[in-house]
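Okay, thanks for coming, everyone. Let me put the structure up and we'll walk through it together.

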Amino acid sequence: MSSEVPLLSVVDVVKRFGGVLALGGVSFEVADRQICGLIGPNGSGKTTLFNCISGIYRADGGHIRLLGRSLAGLPRHAMSGLGIGRTFQNVALFRTMTVRENVLVGAHHLGRSGFISNALALPITAAEEKRAGAAADELIALLHLEAVADLPVMGQPFGTQKRIELARALIGRPKLLLLDEPAAGLNHEEVDALGELFHRIREHFALSILLVEHHMSLVMRVSDKVVALEFGMKIAEGLPSEVQSHPEVIRAYLGDTVAPAHEEAHEAA
């Protein structure tokens, strides 16, 4: 790491649910414009950590900082304004709204006008709506959603819904994008396209990505570095090739090699 302040700093983060220790002092950093893969068997604490970073849970110990600013105690709705965008393992979209309307929902925190100017439809509101609409159109084009932009989300293929949710996260102009199992439910062709899309997004928006994913070949292909968890503890961190061959990671996945054994198990599930 350089001497610069990391984009995301996770320091000794602890989270308990009653008597269960979900995170036992996890630490790592994500640098500017870095893609970091977060892996581990089911129950290792990956989603719990995501929920702590995005404000859904409050950590019981340790620190989480974005560009040196502590996220402790901040409400969930404040995270997008600070520069954190997120997608979910189970797609969370407004099914009766159009694709474009769903994307625009992600721009809610960008407006500066208040209740009165919105109610009176003053020019500042119209200007903000125009900017948000242009940003939505750009993302719809980037993610190849033009053909369905004015159609309801309901009935769209699962892979398309994943791209809609991604567009909604990106319209908020995040510095850090949290992707929770973006390849879940996708076929091999869609997964291959997803890896290329991550790199295009990183370059186009100059952001960092923290990626939770069970599809090991995707993680190892797109990540600049990988962090591995087991039972709420970090067991390895480093380049994808280093983590993939780490003895503790191999043991955690109970395979001779990480990617094939783990990936086949999840694809068969």
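So, start with α1: its buried residues are K46, T48, L49, F50, N51, C52 and I53. Buried here is under 20% relative accessible area, exposed is over 50%, and partly exposed is in between, with a 1.4 Å probe and protein chains only. Since 7 of the 8 residues of α1 are buried, it is largely enclosed by the rest of the structure. Just after α1 comes G55, with a positive phi of about 90°.

Quick housekeeping. This is a predicted model, where local features need pLDDT of at least 70 and side-chain atom pairs count only at pLDDT 80 or more, while totals for chains, interfaces and linings use all residues. Residues are numbered from 1 along each chain as its sequence is written, and side-chain values use heavy atoms, with hydrogens and water left out.

How far do we trust it? pLDDT is the predictor's confidence in each residue, from 0 to 100. The protein averages 85, and 86% of the residues score at least 70. Over residues 111-120, though, pLDDT is below 50, and that stretch has 10 contacts beyond near neighbours in sequence; a contact means heavy atoms within 4.5 Å. Residues 256-269 also stay under 50, and there the model has 20 contacts beyond four places in sequence.

Now the overall picture. We've got 11 helices and 10 strands. Those are DSSP runs numbered from the N terminus: H or I and at least four residues for helices, E and at least two for strands. Of the 269 residues, 49% count as buried. Among contacts with a separation of 6 or more, 68% come from residues 24 or more positions apart.

How many disulfides does a search of the whole structure find? The search comes back with 0, a disulfide being a pair of cysteine sulfur atoms within 2.5 Å. As for cysteines, C36 counts as buried because its relative accessibility is 0%, and C52 is buried too, at 6%.

On to the rings. The whole structure gives 1 aromatic pair. F17 and Y57 have ring centres 5.2 Å apart and planes at 75°, so the pair is edge-to-face. The rule is that rings of Phe, Tyr and Trp (its six-membered ring) pair if their centres lie within 6.5 Å; planes under 30 degrees apart are stacked, over 60 edge-to-face, and the rest tilted. F17 is in strand β1 (residues 8-17) and Y57 is in the loop between α1 (46-53) and β4 (61-66), so the pair ties together parts 40 residues apart in sequence. F17 is partly exposed at 36%, and so is Y57 at 28%. F17 also has the charged end of K15 over its ring, 5.3 Å from the centre; that call needs NZ of Lys or CZ of Arg within 6 Å of the ring centre and within 35 degrees of the ring normal.

Most residues other than glycine have a negative phi. H144, in the loop between α5 (123-142) and α6 (158-170), has a positive one of about 55°, and H144 is exposed at 55%. A206 has a positive phi near 50°; you'll find A206 in the loop between α7 (188-205) and β8 (208-212), partly exposed at 30%.
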